[in-house]
Amino acid sequence: MDTRSRTGNKQWFTGSVARLCLAGLVLLGAACAHYGAVDKPLKHWTPELAQRVNKQLEGDRSEDLAVLVAFSGGGTRASAFAYGVLKELEETRITTEQGSRSLLQEVDVISSVSGGSFTAAYYGLYGEQIFTDFEERFLRKNVEGILLRKLFNPVNWVRLLSRGYGRSDLAADYYDKDLFDNATLAGLYRPGAPLVIINATDLASGVRIPFSPDKLDLLCADLDSYPVSRAVAASSAVPVVLSPITLENYAGSCGYQPPAWVAEALKDKYLTQERIEAQHIHDYLDRHKRPWLHLVDGGVSDNLGLRAYYEAFGMIGTPGASLPALHHNDASRVIIISVNAHVQHKSDWILERYAPSLFEIIGSVSADQISSYSNDTIQLVRYTFDSWVKEVSTPEKPVTFYFVDVSFNHVDDDDERDFLNRIGTNLDLSDEQVDRLIAAARKVLRESPDFQSFLNLKKPGSDPAP
């Protein structure tokens, strides 16, 4: 080999090493970098800010009805199932003081977790537009494939190597641009819209964290500027599969004052529900001990989205104390529609002598145990509201409560139920799966005896009107 060849090879090698070193420095710098959180501090809290929920609930809805809806988790499966319920509510007509109108217009609150939060947030932002473009923009799109391509795109690796930017942040960026059009939580408070409560879970404490005015006020976080996409990404951030969404705690910087009942509840020597919640509030007010919240899937703390109603009606004071906040002092009918897209898996390993595999154990813990917890939550909510009805109902002014369970368990056809139970929790469904989920949700709601009782002013559990 001549001198020029050796020199050229040496230059090539030196240049390659230099480029590799430069690339390494870039990646190392990225790994040490911290991408700034998008949440912003609330400059100044006033008691008037606490009234945003009340103003949102005023609307033009009938004071005689309280319609509360809960959307469960379960990926696009849950989104499509929830969407089917919205379509059925839209086509269900009732007579109110304003005349004949859609029952969907009477929905006061939608509480959601995980996959159900996509549907809840989209409806909260865009109302009936959801029936024209949500299927194309989300339900029938391979969102999972899009996110995987973004994950393996070298353009995103620098950000992903940062400790301040994870897989859920990448997903939130996609949702922001391609689904929610850069909307913030302020967009959920449009006139006539129901109150939408998107729920996540604090990974450190296991506490349910709703993206609601009262919770963000507590953290001195600016609700109006917080992206809807990040709230939904947090609500659907399945642990391990997706990274937590980080929310900075600015408590103590905006002049926020907790409700008077908190101080009283902390004095209680017994471990009551009020004291538990008061202790959570007290803990989050200490910014130095909890400077950051790492938020994951809302299904970890409540896979049905029902805990918001239990805590609002059954924990603080008497269960009926929350009705004035819903502007339903004179409500004679209260209905909760629980939209539960949980599946029932068949565990063949229970028939064998040998211990289940690691994946079977994980599946059982993540599905069967959540199902058991969800059943307990349903019973707790029903008991709370049944107790409230007995307290406030009089012969002169009877009050009735209806609980409607829209779940795969109420799909009558065995083959159809088995088909639905085989749909996974991924974000990529076939058109057939979407169609059948929507149809099943509509049919289960429409044929529910309790739903028909509500529509026909009959006693809950009685036979539906012909």
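## A residue to start from

Skip the neighbours within four places in sequence, and Val334 is in contact with Ala66, Phe385, Trp388, Thr400, Phe401 and Tyr402. Keep in mind as you look around that this is a predicted model.

Val334 sits in strand 9, which covers residues 333–340. Is Val334 buried or exposed? Its relative accessible area is 0%, so Val334 counts as buried, the cut-off for that being under 20%.

## The chain as a whole

Zooming out, the protein chain has 17 helices and ten strands. Of its 466 residues, 48% count as buried.

## Helix 3 and its partner

Helix 3 runs over residues 75–90, which makes 16 residues. From first C-alpha to last it reaches 23 Å, close to the 22 Å expected at 1.5 Å a residue. How many of the residues of helix 3 are buried? The count is 14 of the 16, so helix 3 is largely enclosed by the rest of the structure.

One of the elements it packs with is helix 5 (residues 130–139), at an angle of about 170° and with the two axes 12 Å apart. An angle over 145 degrees counts as roughly antiparallel, so that is how helix 3 lies to helix 5. On the helix 3 side, the contact is made by Thr76, Ser79, Ala80, Tyr83, Leu86, Lys87 and Glu90. Helix 5 brings Ile130, Phe131, Phe134, Glu135, Phe138 and Leu139. Sorted by type, the residues of this contact between helix 3 and helix 5 come out as eight nonpolar, two polar and three charged.

## Helix 8 and what covers it

Helix 8 (residues 167–178) is the next stop. This helix has twelve residues and reaches 17 Å between its first and last C-alpha, close to the 16 Å expected at 1.5 Å a residue. Which residues of helix 8 are buried? They are Ser168, Asp169, Leu170, Ala171, Ala172, Tyr174, Tyr175 and Asp176. The cover over these buried residues includes helix 4 (115–126), helix 6, helix 7 (157–160), helix 10 and strand 7.

Val143, Ile146, Leu147, Lys150 and Leu151 of helix 6 meet Arg167, Leu170, Ala171, Tyr174 and Tyr175 of helix 8. Eight of the residues in this contact of helix 6 with helix 8 are nonpolar, none is polar and two are charged.

## Helices 15 and 16

Helix 15 passes helix 16 in a left-handed crossing.

Which residues meet where helix 15 and helix 16 pack? Helix 15 supplies Glu416, Phe419 and Leu420, while helix 16 supplies Glu432, Gln433, Arg436, Leu437 and Ala440. By type, the contact of helix 15 with helix 16 has four nonpolar residues, one polar and three charged.

## Two loop residues with positive phi

Finally, a pair of backbone details. Asn182 lies in the loop between helix 8 and strand 5 (195–202). Its phi is near 60°, a positive value in a residue other than glycine. With 52% relative accessibility, Asn182 counts as exposed, because the cut-off is over 50%.

Val240 is found in the loop between helix 10 (228–235) and strand 7 (245–248). Phi of Val240 is near 80°, again a positive value in a residue other than glycine. Val240 is exposed, with a relative accessible area of 76%.

Notes. Residues numbered from 1 in each chain as written. Predicted model: local features only at pLDDT ≥ 70, side-chain atom pairs only at ≥ 80, totals over all residues. Heavy atoms only, no water. Left-handed = near helix turned anticlockwise from the far one by under 90°. Helix = DSSP H or I, 4+ residues; strand = E, 2+ residues; numbered from the N terminus. Contact = heavy atoms within 4.5 Å. Nonpolar A, V, L, I, M, F, W, Y, C, P; charged D, E, K, R; others polar. Expected span 1.5 Å × (residues − 1). Buried < 20%, exposed > 50% of the residue type's maximum accessible area, 1.4 Å probe, protein only. Axes fitted to C-alpha atoms, helices over the stretch in contact; angles between N-to-C directions. Parallel < 35°, antiparallel > 145°, perpendicular 65-115°, else oblique.
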